[in-house]
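Q: Hi! Could you walk me through this structure in plain words?
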Amino acid sequence: MPFLTAAVVLVGALSALNLVLVLGIIKRLREHSALLTGRRGAPSADIEVGTRIAEFETVTEAGEPLTRASLTEGGDLLVAFLSPGCAPCVEKLPGFVAHARSLPGGRRRVLAVVVGEPGEAAAFATPLGPVAQVVVEEPNGALSRAFGVHSYPTLLRLGPDAEGRPVVTSNAVDLTRPTAMTV
């Protein structure tokens, strides 16, 4: 009988310890959720400010040639890498379109890169056409390699460096605030 009593006490103590640990984990998860929810304005990309864009050549959906040299002709450029299979991309699309529409310089100052299977990506790119230069490419395409993008959505601002080459000037684009870009 003393063994049975000891076993019940041991199981009770282990259950109490387990309950304390689970409550601690739940508290920590809530803290992390609050931190992640409040990350507005945080970098949306692993690309650091000051990163130079590599050489590339591609063609937009409208048939216009696009190269590294043409990116910052005429001023800053808003760039978005989106994917149709990405829930946050689908969620940000209307806000991005509205933000791009409000920028000075029109669609020449906005580049949207839609990464995915050609059929899905083309349909996803349709609302972007009136407000941005649109490039549809498969994963690891020319622009994704040139920018070093591996996650979606990625929102960046580009501007020319001292030599006139495009560099990342912001990796924390807030679509809810209108910003003036140099034209």
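A: Happy to! Threonine 60 is in contact (heavy atoms within 4.5 Å) with Leu66, Gln133, Val134 and Val135, leaving aside its neighbours within four places in sequence. This is a predicted model, where local features need pLDDT of at least 70, side-chain atom pairs count only at pLDDT 80 or more, and totals for chains, interfaces and linings use all residues. Residues are numbered from 1 along each chain as its sequence is written, and side-chain values use heavy atoms, with hydrogens and water left out.

Q: Where does threonine 60 lie?
A: Threonine 60 is in the loop between strand 1 (57-59) and strand 2 (65-67). Helices (H or I, at least four residues) and strands (E, at least two) are DSSP runs, numbered from the N terminus.

Q: Is threonine 60 buried or exposed?
A: Buried, with a relative accessible area of 5%. Buried means under 20% relative accessible area, exposed over 50%, and partly exposed in between (1.4 Å probe, protein chains only).

Q: New topic: why is strand 4 largely enclosed?
A: Six of the six residues of strand 4 (residues 110-115) are buried, so the rest of the structure largely encloses it. Val110, Ala112 and Val114 point one way, while Leu111, Val113 and Val115 point the other way.

Q: In what sense does strand 4 pair with strand 5?
A: Strand 4 and strand 5 (residues 133-137) pair in the parallel sense over five bridges; pairing takes at least two DSSP bridges between two strands.

Q: Which residue is the bridge partner of leucine 111 in strand 5?
A: Glutamine 133.
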